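Subject: Structure handover

Hello,

Here is the structure for your files. My notes on what turned up follow below.

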Amino acid sequence: QQLLLVRSWREDRTMIAATHYIAHSLGPQYLQALPLNLEDIVHESAPATPTIFILSAGADPTASIEVLAKKQKKLLLGVSMGQGQEVEAR
């Protein structure tokens, strides 16, 4: 409820308040960014299960994915999920 009040009164302070809430409720380890190991992700995934990346602003794993595909000699087809790409994405 406090976060909702902060957001309604001072939207610019919402991320700071959320960070404090997470650290207090779950612990500071949940605020640490972990390095992405694509090889582990590929090892744990299956061909019939898509891998979904939830990215923050400015994050782009494309180069890392391309390097891993070359290393494993896999064909990589990229599809932009912008407007008009629905048919190609199927």
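In helix 1, L3, V6 and R7 make contact with T14, A17, A18 and Y21 of helix 2. Sorted by type, the residues of this contact are 5 nonpolar, 1 polar and 1 charged. Keep in mind that the model is predicted.

Now the geometry. Two packed helices are described by the angle between their axes and the distance between the axes. For helix 1 (residues 2-9) and helix 2 (residues 14-25), the packing angle is about 165° and the axes lie 9 Å apart. Helix 1 is therefore roughly antiparallel to helix 2, because an angle over 145 degrees counts as such. The crossing of helix 1 with helix 2 is right-handed.

Next, two loop residues. L55 sits in the loop between helix 3 (38-44) and helix 4 (62-71). Its relative accessible area is 45%, so L55 is partly exposed; that class runs between 20% and 50%. K73 belongs to the loop between helix 4 and helix 5 (86-89). K73 counts as exposed because its relative accessibility is 76%, and the cut-off is over 50%.

Best regards

Notes. Residues are numbered from 1 along each chain as its sequence is written. This is a predicted model: local features need pLDDT of at least 70, side-chain atom pairs count only at pLDDT 80 or more; totals for chains, interfaces and linings use all residues. Side-chain values use heavy atoms; hydrogens and water are left out. Helices (H or I, at least four residues) and strands (E, at least two) are DSSP runs, numbered from the N terminus. Buried means under 20% relative accessible area, exposed over 50%, partly exposed in between (1.4 Å probe, protein chains only). Axes are lines fitted to C-alpha atoms, for helices over the stretch in contact, and angles run from 0 to 180 degrees between N-to-C directions. Angles under 35 degrees count as roughly parallel, over 145 as roughly antiparallel, 65 to 115 as roughly perpendicular and the rest as oblique. A crossing is left-handed if the near helix is turned anticlockwise from the far one by less than a right angle, and right-handed if clockwise. Contact means heavy atoms within 4.5 Å. Ala, Val, Leu, Ile, Met, Phe, Trp, Tyr, Cys and Pro count as nonpolar, Asp, Glu, Lys and Arg as charged, and the others, Gly among them, as polar.
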